[in-house]
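Biologist: Hey, can you walk me through this one? I'm still new to reading structures.

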Amino acid sequence: MATAAPSAASRIAVVTGASSGIGAATARQLAAAGYRVVLTARRKDRIEALAEEINAAGHQATAYALDVTDRAAVDEFATAFRSIGVLVNNAGGALGADPVATGDPADWRQMYETNVIGTLNLTQALLPKLVASGDGTVVVVSSTAGHGTYEGGAGYVAAKHGAHVLAETLRLEIVGQPVRVIEIAPAWSRRTSSP
Ligand SMILES: NC(=O)c1ccc[n+]([C@@H]2O[C@H](COP(=O)([O-])OP(=O)(O)OC[C@H]3O[C@@H](n4cnc5c(N)ncnc54)[C@H](OP(=O)(O)O)[C@@H]3O)[C@@H](O)[C@H]2O)c1
């Protein structure tokens, strides 16, 4: 993630899924790099505690409870900003490990809603604010599951392929605008919960 001091116009970084794992770690790193970090997730107590920790360390963070699948709430959230420098679409994860033959359609739907529509919601709502910064960055946290497949993972794999395609297509569509698109595709780690 960014290590150079951010410019005044791009000081705000929004991180989704900041209540645990990769999102919380990313928020800490961005704050240490000088961004004013806006922590979002559904578990308000956890992002509030993380904001307190970051502020106590002399950096800047605020917490905002947000479900990325709730488009009205996302649009309301976006009205708080004139411009932002960084959006990290990290909220997501895997549900179930059943084969295609017996997988639960509700799990598949929820994974698509969170990993793909959630990313779409935040990106659409905040893209004008990223453009307004003159130097914006959209990060999509996909997965190695967005670039291959594994048995028992089809629902998650399909969703992460969706997130990958969103990032690839957005990059083509906004050529010439001052926003870069970065996809990060972590491999599975035992220390966190999603492959
Ligand atoms: N860990 C890995 O090995 C790995 C590998 C590849 C890709 N990834 C991807 O990396 C990202 C983070 O994974 P992680 O391992 O750090 O998982 P994690 O610890 O389970 O964190 C997932 C985060 O997503 C948030 N979230 C889930 N649904 C949400 C919703 N509807 N609205 C808002 N926030 C929501 C959760 O917050 P709340 O529950 O508080 O809302 C939580 O902060 C995910 O997209 C995951 O697919 C992880």
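**The core and what surrounds it**

Modeller: Let's start inside: the largest nonpolar core has 50 residues, and those with the most contacts inside it are Ala13, Val14, Val15, Ala27, Val37, Leu39 and Leu87. A nonpolar core here is a set of buried Ala, Val, Leu, Ile, Met, Phe, Trp, Tyr and Cys residues joined through C-beta atoms within 7 Å. Keep in mind that this is a predicted model: local features need pLDDT of at least 70, side-chain atom pairs count only at pLDDT 80 or more, and totals for chains, interfaces and linings use all residues. Residues are numbered from 1 along each chain as its sequence is written.

Biologist: What does buried mean here?

Modeller: A residue is buried if 20 or more other C-beta atoms lie within 10 Å of its own, exposed if 12 or fewer, and partly exposed in between, with C-beta atoms placed from the backbone.

Biologist: Okay, why is strand S1 largely enclosed?

Modeller: Five of the five residues of S1 (residues 12–16) are buried, so the rest of the structure largely encloses it. Strands (E, at least two residues) and helices (H or I, at least four) are DSSP runs, numbered from the N terminus.

Biologist: Which way do the S1 residues point?

Modeller: Ile12, Val14 and Thr16 point one way, Ala13 and Val15 the other, and all are buried. In a regular strand the side chains alternate between the two faces of the sheet.

Biologist: Which strands does S1 pair with?

Modeller: S1 pairs in the parallel sense with S2 (residues 36–41) over five bridges, and also in the parallel sense with S4 (residues 86–89) over three bridges. Pairing needs at least two bridges found by DSSP between the strands. Ala13 stands opposite Val37 in S2, while Val15 stands opposite Val88 in S4.

Biologist: What does Val37 touch?

Modeller: Leaving aside neighbours within four places in sequence, Val37 is in contact with Ala13, Val15, Ala27, Leu30, Ala31, Ile54, Gln60 and Ala61. Contact means that the C-beta atoms, placed from the backbone, lie within 7 Å.

Biologist: New topic: how far does helix H4 reach?

Modeller: H4 (residues 105–133) has 29 residues and reaches 40 Å from its first C-alpha to its last, close to the 42 Å expected at 1.5 Å a residue. The expected span is 1.5 Å times one less than the number of residues.

Biologist: Where's the kink in H4?

Modeller: At Leu126, shortly before the proline Pro128, and it's about 45°. That bend is the angle between axes fitted to the seven residues ending there and the seven starting there. Just after H4, Gly134 takes a positive phi of about 80°.

Biologist: What about Thr123, buried or exposed?

Modeller: Thr123 counts as buried, because it has 20 C-beta neighbours inside 10 Å. Thr123 is in H4. Leaving aside neighbours within four places in sequence, Thr123 is in contact with Leu87, Asn89, Val138 and Leu170.

Technical notes:
Two residues are in contact if their C-beta atoms, placed from the backbone, lie within 7 Å.
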